[in-house]
Amino acid sequence: MKQTLLSLRNLTKQFDGKKVLDSLDLEILDGEFITLLGPSGCGKTTLLRMMAGFEHADAGTITLSGQDLTHTPPENRPLNTVFQNYALFPHMSVFDNVAYGLKMEKRPKDEIQQRVIDALTMVQLEDFAKRKPHQLSGGQQQRVAIARAVIKRPKLLLLDEPLSALDYKLRRTMQIELKRLQRELGITFVFVTHDQEEALSMSDRVVVLKDGQIQQLGTPREVYERPANLFTARFVGETNFFPGRVDATNGDDTITVDVFGLKRNFRKPDFAVNRGQELHVLLRPEDIRVLAPEDHDGVAGEVVERNYKGSTLDSVIHLQDGTEVLASEFFDEDDPAFDYRLGEPVRVSWVDGWEWLLPQEAAAEEASIDA
Amino acid sequence: MRSVMQQPFRTAVLVLVWGWLLFLVLAPNLLVVGASVMTRNPGSFISLPLTLDAYRQLLNPLYLDVFLHSLYMAGMTTLICLLIGYPFAWALSKLPKQRQVLLIFLLIVPFWTNSLVRTYALKLILATNGLLNNALISIGLIDEPMRLLYTEGAVIIGLVYLLLPFMILPLYSVFDDLKEDLLRASHDLGAGRLSTFIHVIVPLTLPGVLAGVMLVLLPAMGLFFVPDILGGSRNLLVGNVIKNQFLDARNWPFGAAASIVLTVTMAFLMFAHRLSKRRIGEDGA
């Protein structure tokens, strides 16, 4: 069992009367890669800045391995930050940027020399030591920022949307690079992003944030496959929400739910269900199966959009009652039934057991998520 | 020729700009350079043969003293402007944007009044029976009026008063550009306030400091009416020397040579400014 490294208790912060963080509790484990995920304004950057010491909480405490850091200034915290736009010192060479932290510790010259070269080698920039930041590409600046931040061997590395300024391909490369560095250095990473794909692919655990509150904390798989609420389900990945009504609660830990007139047996969810209760049946696009119109199973609909994505074929299907269904299927050239044309009638079904049930949320129902 | 017809506006603008530079900047400066190497002539002001006498005359201890004293007063003025302007610009950049606009506006308002008039106003304040002495006497801080006017201090006060905005504006511009994340990064890497100031803030605001020094130091050696009004006969600036040579002594070559020394000093400062900007990569690679 991993030990807690950083512990946030009851953190609260207001800006101009607006609550940015609302009594937030979070335990960050030693050696993990944890991601703070949420739309802009959810409080993730404020939370990161509080860990770094740039912002101070109105209430609550921050402890690192039992040591109270709540009022410690940033320069005395054993953690470092990789900033969103790298924040490299423009007047210093790459070498001096990376050496800055060690110079502030007044380390001997040879030691600084050696450690800076090691850090630059680690990010494959050993030949760039004499350059100025403005002579480097975005990806190279990013690497310098990482080398500079890890040179003091912090216990915790905070990364504030470090990849958002890079193009898609470079971002993929840097994601893999960051994972490698994290494994090699054994440093705990706290990563902030609004990109759910990035969060899922890199993290050991994901913290989904909204309005300064944790919506869900779990492994990428838990967050994706078993979202705790509608917000998480909508924000992380694409989701189909089918309206369901409980038809019967059965003895064998299953319930029968009426979805589009189909009676399906589902595993009993964590929340209490009564007969006649309305609930949401969540199905990811890849859970959906598109069947031929003569099939008996499923619900009738019509293909209105087809998007060839290389490995998958994404479709939008309109059901007869107007519900829009997203389906994503692995491409199979040998399957003739696969190739539906636009406007063609089809039937929509899903893989049994892959559904996820959520209760109706009166208040949150209307609040749409733009992400 | 075709392009002239196709882009009449572009051509007109270019002709105007180049014409302006040639006739109103380059030509006058060349005339000054020319005058400085000619011989003084009571009838036509300047005449041949070419000579470096004017420059030799600058080395005369009498004028060297005036130069050094002028440089000293201008240097003090610059230093005081920097000491006031630096924290002022820093604080200004930290204020809410609306407040910043208001304060910069207030900083510029005095320019709407002629600087000669403002210098006379300063004379009224500093005079023996002026506002300052009377105020200090009335609150009992001093018994006798102090001699403020016609001193070196009065000249420096006058110069600081007139030139302070020229120090604050370029400094404000560099502080406004200073990214908060750079200061955060410095703290994050273990630097305290003082270290951050020395290693990050000072180097990054240096171009603004040099720009401010450029805009204050040179005018501070040239604003001849300030010593004329506030300084008496012993606190002369290079500007007074130049003015006197052209208007009173009628020694054009010497006045021109003195003026060129100022120009060269200016060019040197501009070069240093460019270097400092290049260091932080603002001036292209």
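Me: Which residues does Asn265(A) touch, leaving aside those up to four places away in sequence?

Reply: This is a predicted model, and a contact in it means heavy atoms within 4.5 Å. By that reading Asn265(A) touches Asn250(A), Ile255(A) and Thr256(A), once residues up to four places away in sequence are not counted. Asn265(A) itself belongs to strand β13 of chain A, and its C-alpha atom is separated by 46 Å from that of Gln14(A), a residue 251 places away along the chain.

Me: In what order do the strands of the sheet that includes β13(A) run?

Reply: The general idea is that two strands pair if at least two bridges are found between them. Here 5 strands of chain A form an open sheet in the order β13-β12-β11-β14-β20, with antiparallel pairing. At its edges stand β13 and β20 of chain A, each of which pairs on one side only, and neighbouring strands of this sheet are turned against each other by 45 degrees on average, direction ignored. Within the sheet, β11(A), residues 240–249, and β14(A) pair in the antiparallel sense over 6 bridges, and Phe242(A) has Val281(A) in β14(A) as its bridge partner.

Me: Which elements of chain A each supply at least two residues of the lining of the second largest pocket?

Reply: A pocket is read through the residues that line it, and lining residues have an atom within 4 Å of a point of the pocket. In this structure α7 (220–225), β13 (262–267), β14 (278–283) and β20 (356–359) of chain A each supply at least two residues of the lining, and β20(A) gives the most, with 3 residues. The second largest pocket holds about 470 Å³ of space and is lined by 23 residues, of which Glu225(A), Arg226(A), Trp354(A), Glu355(A) and Trp356(A) lie nearest its centre.

Me: How many residues does each chain bring to the contact between chain A and chain B?

Reply: An interface can be read by counting residues and by the accessible area that the two parts lose on being put together, summed over both. The contact takes 22 residues from chain A and 22 residues from chain B, and the two chains bury about 2000 Å² between them, 61% of it on carbon and sulfur atoms. Of the area that chain A buries against chain B, Glu75(A), His91(A) and Met104(A) supply 29%, more than any other three residues.

Note on methods:
Residues numbered from 1 in each chain as written. Chains lettered and ligands numbered in written order. Predicted model: local features only at pLDDT ≥ 70, side-chain atom pairs only at ≥ 80, totals over all residues. Heavy atoms only, no water. 1 Å grid on protein atoms, 1.4 Å probe; cavity = no way out; pocket = protein on both sides within 12 Å on 5 of 7 lines; lining within 4 Å. Points joined across faces, edges and corners; volume = space filled by probe spheres on them. Helix = DSSP H or I, 4+ residues; strand = E, 2+ residues; numbered from the N terminus. Buried area = accessible area lost by both parts, 1.4 Å probe. Axes fitted to C-alpha atoms, helices over the stretch in contact; angles between N-to-C directions.
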